[in-house]
Amino acid sequence: MPIYVTNCGKITLIYRSFNEEGGGITNADMKKYYEEYGRKVFLYLNTLCGDIDTAEELTQETFYQAIRTVKSYKGESSVYTWLCGIAKNIWHSELRRRAKHPVAEPDLCAEDTSLRPDEVVEKNDEKLALMRKIHALPEQEKEIVLLRATGELTFREIGQLFGKTENWARVTFYRAKEKLRKEQIL
């Protein structure tokens, strides 16, 4: 599978190939979407997988799939919501792939052995505890909390992403937040 990184110039070749196939999307459009939403999609995926390298790879795959399926975009949601939906599906595919072909992953926490001031360590411990609690939530609640907190999506966009109403997204987010509060995390 080729690499889709803009700074290497390869993503431009992909845009052109899909344009030549009648994809109906221009280099300027996809470049604009990548520049506008690439970082946000990366942050969303990073919160789901917790690994920068995997998040980068999945972000590239998200934009590749967006280019391939641009004709299916109906405009019923924002481009960012559409991209997050693609990213979510790619993440779920990655989880299924990992379940079929488990690989021993290195312990990323063990690599950081440098000494830090007590305040920084305590703050990092609190963040880690919060992320563990968030990841312990049911899948749907976890995604809503992460989309709201790191993806900067509105409740309306979250509702659209899940095929539900804005009110459903608000209520589900509130309930998840209350679960975290009961654990004395928030």
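**Figure 1. The whole chain in outline.** Among contacts in the chain between residues at least 6 apart in sequence, 59% join residues at least 24 apart. This is a predicted model, and the chain it describes contains eight helices and zero strands, so that the pattern read along the sequence is α-α-α-α-α-α-α-α. Of the 186 residues in the chain, 36% count as buried.

**Figure 2. Confidence along the chain.** The chain has a mean pLDDT of 78, with 75% of its residues reaching 70 or more. Confidence is highest in helix α3 (residues 52–68), at a mean of 92, whereas it is lowest in helix α1 (residues 10–20), at a mean of 42. Over residues 1–23 the pLDDT stays under 50, and for this stretch the model has 33 contacts beyond four places in sequence.

**Figure 3. The largest nonpolar core.** In soluble globular proteins, nonpolar side chains tend to be buried together. The largest nonpolar core of this chain has 38 residues, and those with the most contacts inside it are Val41, Leu45, Leu83 and Leu147. Two or more residues of this core are given by each of the elements α2 (27–49), α3, α4, α6, α7 and α8, and the largest share, nine residues, comes from α4.

**Figure 4. The surroundings of Leu45.** Leu45 is one of the residues with the most contacts inside the largest nonpolar core. When residues up to four places away in sequence are not counted, Leu45 touches Gly50, Ala55, Leu58, Thr59, Thr62, Ala87 and Trp91.

Figure 5. Because Arg98 and Glu94 are four residues apart in helix α4 (residues 79–100), about one helical turn separates them. Arg98 counts as partly exposed, because its relative accessibility is 22%, while Glu94 counts as buried, because its relative accessibility is 11% and the cut-off for buried is under 20%.

Figure 6. The side chains of Lys142 and Glu139 meet here in a salt bridge, with a distance of 3.4 Å from N to O. The two residues are three apart in helix α6 (residues 139–149), which means that Lys142 and Glu139 are separated by about one helical turn. Lys142 has a relative accessibility of 8% and therefore counts as buried, whereas Glu139, at 33%, counts as partly exposed.

Figure 7. Arg156 forms a salt bridge with Glu166, and the closest N and O atoms are 3.4 Å apart. Since Arg156 lies in helix α7 (residues 155–162) and Glu166 in helix α8 (residues 166–182), the pair ties together parts that are ten residues apart in sequence. Arg156 is exposed, with a relative accessible area of 52%, and Glu166 is partly exposed, with a relative accessible area of 27%.

**Figure 8. Helix α7 and what covers it.** Helix α7 is mostly covered, because six of its eight residues are buried, and these are Phe155, Glu157, Ile158, Gly159, Leu161 and Phe162. The parts of the chain that cover the buried residues of α7 include α4, α6 and α8. Just after α7, Gly163 takes a positive phi of about 70 degrees.

**Figure 9. The second largest pocket.** The volume of the second largest pocket is about 220 Å³. Its lining is made up of Ser72, Tyr73, Lys74, Gly75, Glu76, Ser77, Thr81, Trp82, Gly85, Gln160 and Leu161. Helices α4 and α7 each supply at least two residues of this lining, and α4 gives the most, with three residues.

Terms used. Residues numbered from 1 in each chain as written. Predicted model: local features only at pLDDT ≥ 70, side-chain atom pairs only at ≥ 80, totals over all residues. Heavy atoms only, no water. Buried < 20%, exposed > 50% of the residue type's maximum accessible area, 1.4 Å probe, protein only. Salt bridge = Lys/Arg side-chain N within 4 Å of Asp/Glu carboxyl O. pLDDT = per-residue confidence, 0-100. Contact = heavy atoms within 4.5 Å. Core = buried A, V, L, I, M, F, W, Y, C linked by side-chain atoms within 4.5 Å. 1 Å grid on protein atoms, 1.4 Å probe; cavity = no way out; pocket = protein on both sides within 12 Å on 5 of 7 lines; lining within 4 Å. Points joined across faces, edges and corners; volume = space filled by probe spheres on them.
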